[in-house]
Every structure is written in C-alpha cells, then in structure tokens.
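Subject: The two-chain model, with notes

Hi there,

Here is the model I promised to send over. Have a look at it first, and then read on for what turned up.

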Amino acid sequence: MKVHIKHWNAVAQWRWNTGNNDQDDEGDVCGICRVPYEGCCPSCKMPGDDCPLIWGECSHIFHMHCLLKWLGTTASKQQCPMDRRPWVTAERKVADIPNNLS
Amino acid sequence: MASSAVRAQVAAKWQESFARLNRTEPGIAGLMGFSEAWSLATTFLKPYDLNNPTPKPQYDMRQVGMAFDTINKCRRLPVMMEVFLEDLRKSQHLIAREVEVHMNLYESDSDPETVRRLIFRLVEWYNAWKPTAELGQTIISAYTLAFQTHLFSILPASFARGVKTLVAATLERTISQPSDQHDRALWQAFDALSLIERYETLIASVGYEYIEAHVLEECIGKWAEPMLASLRSWMIDKIVPWMLWPFARGASNADEAKTMMQGVGSRFDFHMHKTLCDLRTREIFDIIVDFPDSIGALQDLKECLQRVDQRAELVQSIRRSNKKRLLHPGADTKDILLSYVSTIKCLRIVDPPGVLLFKVADPIRRYLRDRPDTIRCIVASLVGDGESGDSLIDDNEPIQPLQQPEMENYADPDWTPEPIDAGPDFRANKTSDIISTIVSIYDSKDLFIKELQVLLAQRLLAIKDGNLDRERRNIEILKIRFGEPALQVCEVMLRDMTDSRRIDQHVQSQKASIVHPTIISRHFWPALETSGIVMPGQFKALQEQYAQDFSVFKPDKVLRWLPHLGRVHLELELEDRTVEADVPPLEAAFIELFSEKNTWTVDELISRVGSVSRSAALKALATWVDRRVLKEDSENLFRLLSVAEEPTPGAKNPAPKPAVGEDELPPVMSVQQQQAEQMKVYWKFIEGMLTNLGSLGLDRIQAMLKFAPGYDRTIEQLGGFMEAAKREGLVTVKDGMWKLGK
C-alpha cells in the first residue's frame with residue numbers, strides 16, 4: 001500500500017530561536033519586562049515580527065523595544081542590564097542558526 | 001282608703017280627659033262622636049286578608065277623613081297608631097303563610113319567576129295595608145318599618161338566592177334587549193319593599209359575576225390585541241343600562257343619574273380591571289413565551305396595573321411559574337436565556353421603570369449564574385452561532401458598548417426618585433440594552449472574553465477554506481460591545497490566521513509543499529490540549545522540510561508542531577482500489593504505519609506514535625475499520641486489507657461505531673478545564689496551609705488564598721473544588737473545618 005498525502009492542514013506554534021531546544025519549556029521571559037519572548041513588550045499589541053527580539057553578544061536576549069528603551073536612559077551607560085557589560089548586538093546570519101529540529 | 005286629696009286629683013284627671021274627648025260638645029255628644037270615629041278608623045285601618053273571598057268593605061272616604069280628623073282633634077292619634085300596629089302584628093301570619101307557600105314552591109322548582117310573583121304579591125299586601133296618606137308621613141313610615149322588619153324576619157335564606165337569580169335574569173334581559181321595559185315594575189316593587197337597600201351587595205355581586213364571566217370568555221388566551229377598550233365600551237353599552245335600575249332609581253335626569261352612579265360605577269369598572277388583571281397575571285408566563293405576539297395583553301396589563309394594585313401578585317406569579325416551568329434541570333440554558341430576554345422585553349412594556357423586572361429577574365439571574373454553560377450559550381449567540389434559529393440578539397437593536405451602572409446624577413433637573421416599591425438594592429437601568437443586561441449576570445466580563453477566545457479558537461482551527469470574513473465581522477461587533485483592549489487577544493488570533501496564509505504562500509512559492517500549517521502565537525490562544533504524538537514516516541519528513549523552509553523565510557523563528565491538530569487529506573493506493581479520506585492526524589499516522597507492514601497490534605502502534613491514550617487509538621483505528629481498509633483479525637490485532645474483503649458473517653464483527661463527526665471541533669480546552677488546571681496550582685497552597693495549621697474553615701482558606709498571586713476564585717468555586725478534593729480522598733471535612741486526609 002502507498003499513502004499519498006494530498007493536503008495537510010497542520011497546526012504549529014512559532015517560537016523565537018533562542019537556542020533553547022527544550023520541547024516542554026514554559027518559555028523564557030524578557031529580563032526587562034518579564035513577559036515571555038513570544039508575547040509582546042508592554043508597549044506593543046501584536047507579538048512576533050511587530051515586536052521582535054534583540055540578541056546581545058553577551059548571550060542575553062530581550063524584546064527589542066524594551067532594550068532600546070533601556071539603552072535610551074542615561075542610567076544604562078549602554079550596558080546590558082543583566083551583566084553590565086557593554087551592549088553589543090549580535091550579528092545573526094541564517095547560516096548561524098543551528099538546526100534545532102532533530 | 002283614699003284620701004280626699006287623691007280623690008280630688010282623680011276627679012281632676014277625669015275631668016280633663018273628658019273635656020279632651022268631649023271637646024266643647026254639649027253633654028256627652030262629643031264623647032259619642034269620638035267613639036264612632038274611633039271604631040270607624042280602626043276598622044278602616046285593620047289589616048285584612050287578601051285571600052279572603054269577600055271583597056273589602058267600601059268606605060266613604062269623606063267619613064273616614066272626618067273620623068281621623070276627630071281623633072286627631074282629641075289627640076288620640078298616637079294611641080290609634082299603636083292599636084293599628086298591634087293589629088298589624090296580629091295579621092302578620094297572613095304574610096308569613098304567603099311567603100311560605102311561595103318559597104316552598106321556589107325551593108322545589110327553583111324558578112326565579114316564583115320569586116317575582118312573591119315579590120309582586122308582597123307589594124300587594126303592603127299597599128293594601130298601607131294607611132292613607134292623610135295620616136301623615138310619620139304613621140306611614142312607622143307602618144313601613146314595622147311591615148319590613150317583620151317581612152325580613154320571616155324571609156328564608158333561600159329568598160336571597162331567589163333574588164339573585166331573579167336579578168341575574170333581569171341583567172340577561174337588559175343586555176339582550178336594552179330598550180325592554182319589562183322589568184320596570186319589578187324594580188319598582190323591589191324599591192317599594194326596600195329590597196334594593198337590603199340586597200345591594202347581592203345585586204352588585206350579580207353584576208360582578210357577570211362581568212367576570214364576560215371578561216374570561218372574551219379574553220382567555222387572546223393576547224394579540226388590547227382588550228380593555230372593547231371591554232369598556234361593552235360596559236357602557238350593556239352593563240350601565242342595567243345598573244340604572246337598581247343604582248340610579250329616582251333620578252330625574254341624566255346628570256343626576258350620573259352622580260348617583262359614580263360610586264358604584266367605579267366599583268364595577270375596578271372589578272372589570274381586576275378581573276382582567278388577575279387573568280393576565282395567571283397567564284403571564286405564556287404571554288412572555290409568546291412575546292412579541294402578545295403585546296396587546298401586555299398593554300392591557302400595564303393599564304390594569306395602574307388601576308389595580310396587583311404588582312406584587314404579578315411578581316409572585318412570574319416567579320412561581322418560572323420556578324416551576326423554567327428554572328429546572330430539564331430546561332435548556334438557551335431556552336432560559338431566551339425566556340429571560342422575553343421577560344425583559346415584556347416587563348419593559350408593563351413597567352418602564354424596571355422595578356418589576358428587577359424583582360423577577362433576580363432568581364433567573366441567580367439560576368443562570370449557577371449553570372455551567374450559560375456563558376458559552378451567551379457567547380455563542382453573541383457571535384451569531386448560525387445553527388440555532390432564534391438569536392438572543394435582536395438584529396434591529398443598535399450595537400453599542402456595554403454599559404456600566406452609572407451613579408445617579410442628582411443635578412439632573414429631570415431626576416426622579418426610585419419608584420415607591422423598589423427594593424433597597426434596586427438599580428434603575430433605564431437605558432441598558434439586552435446584551436448589557438445579560439452580560440451583567442456575571443460580575444466581570446473577563447469570563448466572557450475567555451469563553452469567547454475558546455470559541456473563536458475552535459472555529460478558527462475548524463476553518464478549511466481560509467475564509468475569515470465572518471469571524472472578523474463578529475470580532476468587530478464584539479469590539480464595539482466589550483471595548484478594543486478586551487479583544488486584543490482575539491485580534492492576534494485573527495492575525496495569526498492571515499499571517500499563516502501569507503507565510504504559507506511565500507514558503508510554497510519557494511518550494512511547493514502539501515503541508516499548509518496554521519502558525520499560531522503561543523500565549524494568545526487558549527490552552528490547546530497537549531498530546532505527545534509523533535508523526536511517523538513521510539509525515540515527519542514533511543514537517544521537517546517545512547520547518548526548515550520556514551526558518552529560511554523567518555530566520556529568527558522556529559516552528560513547533562502541534563501534530564494532533566489539523567486534518568489530513570489522503571489517498572490510499574491499495575492493490576485493487578484507492579481510498580480517499582479526510583482524517584485527523586492520528587488516523588493518518590496509523591495508516592502510514594500500515595504501509596510499512598500489514599499487521600500491527602494496538603500496543604505496537606501506540607508505541608510508534610508516542611503517547612496516545614488507548615481509547616483514542618482504538619477510535620482512530622475504528623475509522624479505518626469502518627472504511628474497510630483495516631480489519632481487526634483478533635482482539636487488538638489489525639490487518640491491512642490490501643484486497644477488499646466482504647465482512648465475513650459470523651466473524652466477530654465489531655458493533656457499528658457511531659460515525660466519527662467529520663467536523664469535530666478541535667480539542668481546545670474549555671474554560672472549565674483551564675480553571676481546573678489552574679486550581680491545581682492553588683492546591684499546593686491549600687495543602688501547605690493545612691499541613692502547617694491543621695484544620696481550617698473555608699472562609700479562612702479563601703482569605704489566605706487571596707494572598708496568592710492571580711487568585712480570583714469566589715468562595716463558592718473554592719467550596720466546589722474542596723468538595724472535589726474530598727471525593728478524591730485528599731481532604732476530610734468535619735463541622736465545616738477542612739483537614740488533610742490520611
């Protein structure tokens with residue numbers, strides 16, 4: 001017997017690629033607003049591309065809007081709020097993305 | 001021995017009396033004259049027997065007049081009257097006999113005409129014995145009083161009944177032939193005997209009963225048109241002419257009659273209103289059910305209630321019939337809601353300030369609050385769930401935001417106090433629309449929003465053709481009602497749907513795939529039932545391929561499949577046939593496994609797809625067995641039918657399974673399930689406090705849980721949860737104190 005699939009209406013969730021491959025995780029939260037990455041920052045209403053994340057070289061990840069707001073304050077001294085190292089946005093290339101779908 | 005003084009006194013008295021009787025006549029001529037006059041007058045007045053065949057002797061009225069004159073001059077009239085009344089008393093047995101004869105007859109034949117004859121006869125007696133008018137009003141009224149006193153004392157109880165039927169007969173006659181003067185004599189006879197005064201309430205009751213019967217006959221079950229106007233004109237045309245007889249007798253012109261009728265007329269009018277009001281109060285439940293075909297009856301009721309103070313009775317009646325006919329487990333929640341809406345609309349007509357509604361609605365609202373599916377029902381009708389005919393929402397009603405109860409504006413010049421019978425917690429909500437009223441059954445609208453999300457999720461995931469217009473329209477409408485922020489989550493869900501299509505189009509344009517996923521945003525969809533199934537074979541390959549393509553398009557994102565959701569359209573190529581099927585993923589996964597080898601046991605299958613419950617697995621297999629693709633050879637052993645086989649008779653044939661619903665809703669967790677899920681978190685708190693503090697009362701537990709973040713349950717919900725925990729043996733309760741179980 002052969003099974004031919006004609007059409008598949010599947011359902012999936014999207015996640016930010018944060019390098020966390022745990023299937024059952026509850027999801028990490030943004031260190032600034034404490035809202036899950038897949039949610040949106042307090043000033044946004046739509047999650048996803050409208051409220052993207054920003055990856056730092058120090059490996060910390062935040063909602064982009066949250067981090068920019070933080071960097072906009074003088075108290076931030078342009079440092080990562082988690083480790084106080086100077087904030088450097090990580091360069092991300094498609095090739096860098098590990099294929100985390102085993 | 002009498003002294004001379006006594007003697008002198010007696011002599012003086014005698015002289016005085018003699019002089020009075022003899023007047024100034026010579027000798028004793030005056031005395032003689034008086035004696036003659038006396039005997040003539042007394043014989044003249046003496047009551048005689050009408051039944052006596054000998055005719056009444058004729059008197060010369062001039063002589064009689066002179067005789068009375070003489071007696072009057074001698075100032076003996078009072079004595080004569082006493083004698084007359086004594087005679088009257090002696091003759092009363094004649095009347096008693098007459099009454100007895102007639103009433104005996106009436107009791108045997110019950111014919112009101114007998115009573116009529118008796119009354120006429122009594123009048124004859126009365127007139128026959130009546131002293132002449134010349135004797136003055138005093139004597140006549142003394143006579144009348146004596147006659148009537150005696151008469152009333154001998155009339156038997158059945159006479160009242162007789163009068164009633166007789167009066168009823170006159171009423172019938174007046175109504176059928178208004179110009180007929182047949183009964184004039186009877187009413188005059190009634191009047192002569194003062195029977196009208198005596199039986200006034202009786203006569204009125206005849207009128208009341210007649211009106212009652214008429215109202216019932218005309219109005220029972222007729223709700224479409226207002227009846228009051230026609231009833232009023234009926235009263236004027238039919239009842240009033242009759243009422244003129246007893247209640248406006250002796251009126252010389254219309255104005256006088258009107259004044260005399262005023263009191264009794266308004267009593268009759270009141271009675272008519274009351275009868276109608278009582279009737280409508282009894283019928284109110286069905287009137288509400290029939291709304292809007294019963295507007296006439298409601299308008300009548302409104303008018304009647306202004307005339308008759310029956311508001312409390314109306315409330316009682318509605319509450320009683322609601323309790324008996326509506327608020328019981330046998331009634332569908334949808335029906336209760338519909339009935340509630342009708343009640344709102346009806347009582348707004350009857351009582352615009354809403355006091356009645358408030359009193360009636362309270363039990364309904366309390367009952368609805370306790371029903372688990374109320375919110376679901378309301379939400380379903382909010383989004384216009386097409387399948388059920390009547391919607392709660394009137395399409396004509398403008399869509400408007402939900403209204404919050406407002407504080408009263410006392411500065412408003414048109415401010416009026418609350419109606420007098422309003423209870424202490426009455427809230428006038430004059431303007432609020434039906435939906436606001438229904439939504440306000442619950443204290444917060446969050447519950448609705450949550451239920452709405454669940455419903456929307458189910459519907460969105462069930463959409464196959466990608467047409468979102470209807471859902472979008474619904475959400476827009478609901479936004480107006482509930483406000484934009486509340487529906488933000490729904491907005492995200494809708495956007496996920498459109499984004500999914502856009503992404504899919506892009507991915508497909510790069511590399512065609514037969515997978516068309518709906519990509520949803522976590523945290524914005526209601527909890528979807530989790531399941532750990534893993535798609536086997538080519539399905540897995542397809543998933544991986546698509547996920548990779550997706551990541552190329554959206555480098556920052558990855559896909560997590562929810563493999564148990566969605567649907568697969570398949571074509572099975574078997575040796576002698578092809579089978580097309582549209583099935584849920586689990587079914588697809590199983591049949592894919594059968595392409596590896598032809599026979600599988602259930603346990604093998606389950607272990608290949610990861611964790612899936614045995615019953616779900618059997619159900620999925622049954623789908624294929626029903627389609628004659630698989631066959632259960634022995635228990636739990638399934639074989640692929642590469643070549644079609646007729647089901648062998650006598651072989652163990654599984655009982656026909658209920659057809660699997662083709663459009664089963666996706667397994668979104670209901671709000672209740674979600675709540676139960678959340679409650680598990682709070683169980684940890686409860687367990688902790690019971691361990692530390694021993695036994696606690698329910699309100700104490702509630703008070704402590706209030707400190708827990710996000711705890712929003714009512715004490716009733718907590719009670720329900722604790723009961724459930726008790727059933728599982730986790731806790732025990734004694735005298736309202738909860739303790740951890742052993």
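Helix 14 (residues 311-325) and helix 16 (residues 355-370) of chain B pack with their axes 10 Å apart, at an angle of about 20°. Axes here are lines fitted to C-alpha atoms, for helices over the stretch in contact, and angles run from 0 to 180 degrees between N-to-C directions. Helix 14 of chain B contributes B:Arg311, B:Leu314, B:Val315, B:Ile318, B:Arg319, B:Asn322 and B:Lys323 to the contact, and helix 16 of chain B contributes B:Leu356, B:Lys359, B:Val360, B:Pro363 and B:Ile364. Two residues are in contact if their C-beta atoms, placed from the backbone, lie within 7 Å. By class, this contact of helix 14 with helix 16 of chain B has seven nonpolar, one polar and four charged residues (Ala, Val, Leu, Ile, Met, Phe, Trp, Tyr, Cys and Pro count as nonpolar, Asp, Glu, Lys and Arg as charged, and the others, Gly among them, as polar).

Before I go on, please keep in mind that this is a predicted model: local features need pLDDT of at least 70, side-chain atom pairs count only at pLDDT 80 or more, and totals for chains, interfaces and linings use all residues. Residues are numbered from 1 along each chain as its sequence is written, and chains are lettered from A and ligands numbered from 1 in the order in which they are written. Helices (H or I, at least four residues) and strands (E, at least two) are DSSP runs, numbered from the N terminus.

The axes of helix 21 (residues 488-510) and helix 22 (residues 537-553) of chain B come within 10 Å and cross at roughly 105°, so helix 21 and helix 22 of chain B are roughly perpendicular. Their contact involves B:Ile503, B:His506, B:Val507 and B:Gln510 from helix 21 of chain B, and B:Tyr546, B:Asp549, B:Phe550 and B:Phe553 from helix 22 of chain B.

Now to the interface. In total, 46 residues of chain B are in contact with 32 residues of chain A. Strand 3 (557-573) of chain B, with 15 residues, gives the largest share of the side of chain B that touches chain A. That side has 24 nonpolar, eleven polar and eleven charged residues.

Strand 1 of chain A and strand 3 of chain B run antiparallel and are joined by 13 bridges; A:Gln13 stands opposite B:Arg560 there. Two strands pair if DSSP finds at least two bridges between them. Strand 1 (residues 2-16) of chain A also pairs with strand 1 of chain B, in the parallel sense and over four bridges, where A:Val11 has B:Thr518 as its bridge partner.

Finally, chain B has an open sheet of three strands in the order 5-8-7, with antiparallel pairing. Its edge strands are strand 5 (599-601) and strand 7 (630-634) of chain B. Three bridges join strand 5 to strand 8 (residues 637-640) of chain B, and B:Thr599 stands opposite B:Arg639. Helix 25 (residues 614-626) of chain B packs on the sheet, touching strand 7 and strand 8 of chain B.

Best wishes

Terms used: Parallel < 35°, antiparallel > 145°, perpendicular 65-115°, else oblique.
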